[in-house]
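Subject: Handing over a structure

Hi,

Here is the structure I promised to pass on. Have a look at it first, and then read my notes below.

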Amino acid sequence: MSKTWYPVINLEKCNACMTCVNFCRHGVYKVKDGRPVVVYPEGCVHGCKGCSKRCPADAIEYVGDSTGSCCSGSGCGCDC
Ligand code: SF4
Ligand code: SF4
């Protein structure tokens with residue numbers, strides 16, 4: 001089964017603050033050449049928007065998102 005929910009960073013908006021990298025507890029992001037990179041999309045919790053909610057540049061969107069709501073009891077462990 002292919003992954004149906006994971007973040008995508010808009011690099012034109014991203015200011016490389018690393019809030020997303022530091023926030024996610026699931027190993028989805030790593031830093032490469034001073035920029036956040038999605039290295040483990042399989043680790044993203046379906047329905048979680050924890051990192052997106054904290055992104056100051058509104059640079060994170062999700063493949064599979066059609067709801068517009070936050071986490072929605074996804075059990076991701078974030079506090080949004
Ligand atoms: S949406 Fe949640 S699980 Fe997915 S990368 Fe962001 S903080 Fe991690
Ligand atoms: S939180 Fe947003 S602006 Fe900061 S590094 Fe992540 S995607 Fe870029």
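Let me start in a loop: Asp 58 sits between H2 and S4. Its phi is near 55°, a positive value in a residue other than glycine. Met 18 is another such case, with a positive phi of about 70° although it is not a glycine. You'll find Met 18 in the loop between S1 and helix H1 (19-23). Met 18 is also buried, at a relative accessible area of 14% (buried means under 20% relative accessible area, exposed over 50%, partly exposed in between, with a 1.4 Å probe and protein chains only).

Before going on, some ground rules. This is a predicted model, where local features need pLDDT of at least 70 and side-chain atom pairs count only at pLDDT 80 or more, while totals for chains, interfaces and linings use all residues. Residues are numbered from 1 along each chain as its sequence is written, chains are lettered from A and ligands numbered from 1 in the order in which they are written, and side-chain values use heavy atoms, leaving out hydrogens and water.

Now the overall layout. The protein chain has 2 helices and 4 strands, and from the N terminus on they run β-α-β-β-α-β. Helices (H or I, at least four residues) and strands (E, at least two) are DSSP runs, numbered from the N terminus. Of the 80 residues in the chain, 34% are buried. Among contacts (heavy atoms within 4.5 Å) between residues at least 6 apart in sequence, 55% join residues at least 24 apart.

Which rings make the aromatic pair? The count is 1, and the pair is Trp 5 with Tyr 62: their centres are 5.0 Å apart and their planes at 10°, so they are stacked. The rule takes rings of Phe, Tyr and Trp (its six-membered ring) with centres within 6.5 Å; planes under 30 degrees apart count as stacked, over 60 as edge-to-face and the rest as tilted. Trp 5 lies in the segment before strand S1 (6-9) and Tyr 62 in strand S4 (residues 60-63), so the pair ties together parts that are 57 residues apart in sequence. Both partners are buried: Trp 5 has a relative accessible area of 3%, and Tyr 62 has 9%.

Tyr 62 turns up again beside Ser 52, which touches Ile 60 and Tyr 62, not counting residues up to four places away in sequence. Ser 52 belongs to helix H2 (residues 50-54) and is buried, at 16%.

Next, the cavities. A search of the whole structure finds 2 of 30 Å³ or more. On a 1 Å grid over the protein atoms alone, a cavity is a set of points where a 1.4 Å probe fits but cannot get out, and lining residues have an atom within 4 Å of a point.

Cheers

How values were computed: On a 1 Å grid over the protein atoms alone, a cavity is a set of points where a 1.4 Å probe fits but cannot get out, and a pocket is an open set with protein on both sides within 12 Å along at least five of seven lines; lining residues have an atom within 4 Å of a point. Grid points are joined across faces, edges and corners, and a volume is the space filled by probe spheres set on the points.
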